[in-house]
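Let's take a walk through a protein model, one neighbourhood at a time. Have a look at it first, then read on.

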Amino acid sequence: MDSVLATSVSEDNLKSLSSTDLKSQAKTANLKVHNKKHDRKGSFGHAPPNVPDPEVSTFEDHKWTVCEPVLTNAALVNALTESPEGKKQMSHTLWIGTLSRVESDRITKDRKDEISLKFEQDHNCSIMYISDKDFQLYYEHFCKLVLWPVLNYRMPDYPKSQIYQETSWVHFERINHAFADKIISRYKSGDVIWIHDYHLMAVPGFIRDKFPDAKIGFFMHTSFPSPEVFRCVPAHAELLRGMLGANVVIFQTQEYADHFLLCCNRFLCVDNYKDGVYFKGRFVNVAVEPMRFTRQRIDAEVTKRGSRVEELVETITDVTEDHYLIFSRDKLDNIRGIRHKLLSFEMFLDRNPSMKSKATFIQFATSTTELVEIQASVIDVVNRINRRYNTGSIPSVSVLLQDIPLDHYIALLAHGDVMMVTTLREGMGLTPQEFIYCQDGSLNPQKKHGVLILSENTGTSQLLQGSDLTCNPYDIPGNARLIEKAYLMSAQEKETRYNKMRSSILRSSGGQWLLEINHKLDAAYAEQSARYHFRLPRLNTDSLTESYSSATTKLFILDNEDTLSTFPPSGLNYDDLCNTLTILTTSPHNTVYITSSLEPGTLATFYRKIPSLGLIAADGSYVRHPYSPPDQWEAAETTQTVSKWKSDIEQVLTYHLSRVEGAFAIEDMCRIVVDYTDAKHPVSARLNISELCSFINTICPGLGIRATYAIESPDHNPDGKEHTPKKQLIIGTFQTNKLSAIEKICADDAWEKCPYDWILVAGDGREDEPVMQWANQLEE
């Protein structure tokens with residue numbers, strides 16, 4: 001029977017690993033593991049802190065100190081503390097978080113106050129103390145067993161996760177609210193708030209409820225799944241609402257940003273645009289900014305401990321002898337694909353018998369809150385490989401369930417022939433970037449230009465654009481062939497691929513990433529603030545009158561609905577409006593166009609008393625110029641395809657309407673309005689209409705159409721009478737809008753060719769903003 005031994009590797013006995021541990025393990029075909037959960041004792045010379053027995057100590061009778069975590073390489077921390085760009089921000093950055101791996105229930109209040117003061121004064125850190133039970137249910141259960149799998153495209157089908165979804169969501173919400181309260185208590189006007197990662201998805205919403213004007217950014221470090229997967233979390237709508245409390249939500253890749261937009265569109269029934277969503281009267285920007293590794297962190301370690309790193313490289317060379325070294329470092333969970341890569345290595349050895357005595361695979365796997373079955377499955381594969389293929393003093397596979405200090409890690413990066421990353425799904429993954437950086441030969445001239453086998457499901461793979469050996473982590477035979485290809489690859493090809501990879505990762509850095517996300521937040525906040533009605537500057541009538549008097553030809557572009565009037569019109573206000581417009585159009589120097597979403601016939605009837613008025617109907621699809629006959633409308637080119645796209649979606653539309661009792665479709669000249677205000681089952685109606693909207697916006701863009709929601713606020717009551725807010729989905733072309741019609745009227749979008757030297761644009765909705773931006777650009 002194969003044995004599984006608990007072993008440790010220290011700095012002093014690292015060389016003895018080749019003659020003692022590895023040789024003995026070659027005979028017993030074992031996996032090097034620590035049986036205790038996340039026991040790092042002896043992990044390359046690093047011992048865990050001495051934590052007192054919880055039954056006899058409350059830390060009150062023990063000295064304590066703040067020390068830098070030896071086994072961390074956190075990308076966010078490095079970007080802020082090591083990069084030049086981050087160091088400039090550190091002096092005015094306040095960190096809010098929890099103490100790592102400390103049972104806070106054992107700490108007395110006086111000691112907590114003492115610790116908090118120390119962190120506040122020396123490290124600009126404000127500590128959150130969370131009860132051990134709350135933290136376990138929040139982090140270990142909901143975050144790791146419910147959210148983490150779903151965000152990485154894995155169904156939460158582990159039996160315990162089904163139970164945790166109901167019990168631990170309450171704790172997730174509670175902890176997020178506690179973080180928000182902590183931020184609120186420290187917030188001052190003008191502060192910038194950054195929330196990082198999925199553990200705090202609900203925090204931006206809680207802060208927004210308290211401070212509507214706060215400047216909030218949210219960065220999602222992990223991947224983000226499609227709606228079909230994300231809906232597996234029962235609280236998916238609450239999580240989305242929480243994220244939308246930010247001014248900007250930033251993702252690692254465009255794919256994840258698109259998935260988020262689709263989820264908002266489907267589950268919250270909000271209109272999504274390519275750059276964001278319109279939610280609760282606010283536009284929330286959605287952006288992409290891939291995170292990069294901070295090379296200054298590695299440079300600083302090499303500068304500080306360069307001779308030590310060189311010694312470690314020599315030691316590793318002695319340990320591995322002349323073996324072809326495949327190296328990897330991952331967390332041991334069901335996302336990283338450790339078992340997949342081991343199976344690929346096993347098939348590689350099976351297909352290449354001559355490599356049994358030449359290749360070795362070393363995998364560092366840091367322990368996480370995971371399932372025992374994962375560790376057992378890895379042990380099973382390792383034992384089988386070492387039994388079948390081990391021929392020399394070094395085992396074919398060594399898996400160490402421990403992390404390593406940074407200097408050891410850098411030495412391994414510089415010595416490896418191949419790094420193999422088969423993550424099933426990952427937001428970015430910076431380990432491959434660090435491998436590339438350390439493979440330039442400066443640390444180990446004998447080993448350089450190593451080959452990177454990288455999962456196509458990582459963000460880094462998209463950055464490298466094929467200069468790596470891109471793999472499908474599920475394709476075991478294909479990955480075995482990639483290992484063979486890496487081994488047989490010529491030095492010239494290795495160098496060519498390496499130079500491309502290095503060029504890709506050095507185009508940016510962790511510090512530049514910081515600047516970019518802050519720039520995106522600044523731009524989003526400035527744009528959104530300009531839209532708030534209480535921030536709009538009051539119209540200077542004196543300046544307007546002066547500019548109007550000095551102009552020769554003037555163009556008025558006035559929105560109809562909710563700007564000039566309500567629909568249907570009310571008597572006295574309507575008469576006053578018609579009199580004003582008649583006076584305005586009397587001047588031969590004035591041209592006035594009214595823009596509207598109404599159909600041509602309805603709009604023409606509305607303003608039948610003013611023949612001198614120009615009309616733009618159906619959001620730009622039809623234009624009637626001043627003094628034209630009532631029925632003389634110019635149709636946009638896109639209106640010629642209306643009958644075709646209506647026919648193309650007829651079957652889909654009929655199917656969804658049949659599933660929503662009380663819903664109906666109104667078909668006009670250029671669009672289809674689906675009204676589900678009086679649906680018998682509102683929840684079911686919302687789900688079905690959101691699916692229809694998602695289908696139109698994802699499958700049908702080639703038809704030139706788009707679906708948008710038109711949902712009245714419950715407070716919208718223009719006539720003062722009790723009414724049910726309308727809920728509609730509008731399907732129409734996106735290739736024609738108010739701006740396209742106005743540009744045609746002005747003959748050209750260049751100011752010098754425009755026949756008007758004075759333009760006034762008035763509107764109240766997002767659909768009017770392109771016209772306003774166009775007018776501002778003309779002026780500039």
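Start with the open sheet: 6 strands in the order S11-S10-S9-S12-S13-S14, with parallel pairing. Strands here are DSSP runs of E with at least two residues, helices are runs of H or I with at least four residues, and both are numbered from the N terminus. Two strands pair if DSSP finds at least two bridges between them. At the edges sit strand S11 (397–400) and strand S14 (469–471), each pairing on one side only. Neighbouring strands in this sheet are turned by 15° against each other on average, ignoring direction. In general, strands of a sheet pair through backbone hydrogen bonds, either parallel or antiparallel.

Before going further, a word on the ground rules. This is a predicted model, where local features need pLDDT of at least 70 and side-chain atom pairs count only at pLDDT 80 or more, while totals for chains, interfaces and linings use all residues. Residues are numbered from 1 along each chain as its sequence is written, and side-chain values use heavy atoms, leaving out hydrogens and water.

Here are some of the elements you'll meet:

| Element | Residues |
|---|---|
| Strand S9 | 324–331 |
| Strand S10 | 359–366 |
| Helix H13 | 372–389 |
| Helix H14 | 406–415 |
| Helix H26 | 738–745 |

S9 and S10 pair in the parallel sense over 8 bridges, and Leu325 stands opposite Thr360 in S10.

Now for helix H13, which holds Asn386. Asn386 counts as buried because its relative accessibility is 2% (buried means under 20% relative accessible area, using a 1.4 Å probe and protein chains only). The side chain of Asn386 also reaches the backbone nitrogen of Val397, at 3.0 Å.

Next, which residues are buried in helix H26? They are Lys738, Leu739, Ala741, Ile742 and Ile745. They sit on the same side of H26 because they cover an arc of only 160° around the axis, the arc being that of the directions from the helix axis to the C-beta atoms. What covers them includes strands S15 (554–559) and S16 (590–595), along with helix H27 (769–779). At the start of H26, a side-chain oxygen of Asn737 comes to within 3.1 Å of the backbone nitrogen of Leu739.

Trp169 and Phe172 are both buried and lie in helix H6 (residues 159–186), 3 residues apart, about one turn of the helix.

Technical notes: Axes fitted to C-alpha atoms, helices over the stretch in contact; angles between N-to-C directions. Contact = heavy atoms within 4.5 Å. Buried < 20%, exposed > 50% of the residue type's maximum accessible area, 1.4 Å probe, protein only. Polar contact = N/O pair within 3.5 Å; in protein donor to acceptor, adjacent residues only side chain to side chain.
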